[in-house]
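Take a moment to look over the chain before reading on. The paragraphs below lead you through it step by step.

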Amino acid sequence: MKLRTRVKRIKKRISRNFKIAGSRFKRLIIISGIGLLICVAALYTYKAYLFHNNYKGLGSDEQIPINPYDMARLKNDENGYLSYADDKFKSLLVVDVSDHNGKIDWEKVKDSGVQGAMIRVGYRGWGNAEIVEDRYFQSNIAGAKAQGINVGVYFYSQATTPEEAIEEAEFVMDKVWGRRINLPVAFDMEPFMGQERFADHSKIQKTEMADAFLKVVKKFGYEGILYGNPTWLSNDVDMKKLAKYPVWLAHYTSFTDWPYEFRMWQFTSEGRVKGISGDVDLNLYFGKN
């Protein structure tokens, strides 16, 4: 009898424990579900905030930073490419590519000594004004990241208003958000054989479009960068209004005399890199040493 009593007590205890555990598990499921719903709602709210942008105009003038580099320190590295290093800065060799470069063997690119890639996300057509994704964007960004190459992106703009520039920036952010971009996101507005949509726009209008694009990029937490050659940066935009943004200088020379600071320097459009057919743009990205 004592044994039977003990067995009954044990069974009751086990049953009670299972009921308690089941009740706790149900509460845990409910709490977890509520937490998940809150997280999803918060994510959608945050995304809605990020993708809701209105242009509020240019800020005040700022002093344009002076070129901090000693160009006498430029030299060719062990692979024969231009490089730079001093006590404060050290360069990365960066290619910039689009579908014009065709299919790229990123393993060979990595082995050639390239450390970074600026990849075109897309462009706005000068004719129909549609935004188009670069047909090699997805394969290029996946291929470069798979090889451990630092990645940034750029968009070729044909915007005619700040609102169109915002649309372009949001398109880019939608493509790269969460993809761990560790080089800048560039706004590339430049002439197109005299057929550019913004041909009759004023200097201040072009400045506003650059500012509108780059403000969206900054809002998403990426580093925006303004692309341009010395003529464009001197005559087509007001750099005092854009001084807070780093510059990607397009100046095809072995020794640039551009007097203002630049984060990246596109020094040739006729580079040669294993894994890329034909000519390719080469750049130096100046990072902290």
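Which side chains meet in a salt bridge of 3.1 Å, N to O? They are Arg-120 and Asp-99. A salt bridge here is a side-chain nitrogen of Lys or Arg within 4 Å of a carboxyl oxygen of Asp or Glu. Arg-120 lies in strand S4 and Asp-99 in the loop between S3 and H2, so the pair ties together parts that are 21 residues apart in sequence. Both Arg-120 and Asp-99 are buried. Buried means under 20% relative accessible area, exposed over 50%, and partly exposed in between (1.4 Å probe, protein chains only).

Some ground rules come next. This is a predicted model, in which local features need pLDDT of at least 70 and side-chain atom pairs count only at pLDDT 80 or more, while totals for chains, interfaces and linings use all residues. Residues are numbered from 1 along each chain as its sequence is written, and side-chain values use heavy atoms, leaving out hydrogens and water.

Now the whole chain. Its secondary structure comes to six helices and eleven strands. Helices (H or I, at least four residues) and strands (E, at least two) are DSSP runs, numbered from the N terminus. Of the 289 residues, 45% count as buried. Contact means heavy atoms within 4.5 Å. Among contacts with a separation of 6 or more, 66% come from residues 24 or more positions apart.

Back to charges. Side chains of opposite charge can pair when their charged atoms come close. The whole structure holds 14 salt bridges. One of them joins Lys-241 and Asp-61 (3.0 Å, N to O). Lys-241 sits in the loop between helix H6 (230-236) and strand S9 (247-250), and Asp-61 in the loop between helix H1 (2-50) and strand S1 (75-76), so this pair ties together parts that are 180 residues apart in sequence. Lys-241 counts as buried at 18% relative accessibility. Asp-61 is partly exposed, at 45%.

Another salt bridge links Glu-223 and Arg-263 (2.1 Å, N to O). Glu-223 lies in the loop between helix H5 (203-219) and strand S8 (224-228), and Arg-263 in the loop between S9 and strand S10 (264-271), so they tie together parts that are 40 residues apart in sequence. Salt bridges that share partners also join Asp-99, Arg-120, Asp-134 and Arg-135 into one network.

What about a charge without a partner? Asp-281, in strand S11 (residues 280-288), is buried yet has no salt bridge. The nearest side chain of opposite charge is Arg-120, 10 Å away. Lys and Arg count as positive here, Asp and Glu as negative; His and the chain ends are not counted. The side chain of Asp-281 does touch several residues, including Val-94, Tyr-252 and Thr-268.

Move on to helix H3 (residues 137-146). Which of its residues are buried? They are Phe-137, Asn-140, Ile-141, Gly-143 and Ala-144. They cover an arc of only 165 degrees around the axis, which puts them on the same side of H3. The arc is that of the directions from the helix axis to the C-beta atoms. Their cover includes strand S3 (89-97) and helix H4 (162-176).

Last come two backbone angles. Most residues other than glycine have a negative phi. Ala-129 has a positive phi, near 65 degrees, and sits in the loop between S4 and S5. Arg-180 has a positive phi too, near 55 degrees. Ala-129 is buried, at 19% relative accessibility, whereas Arg-180 is exposed, at 73%.

Note on methods:
Lists of a residue's contacts leave out its neighbours within four places in sequence.
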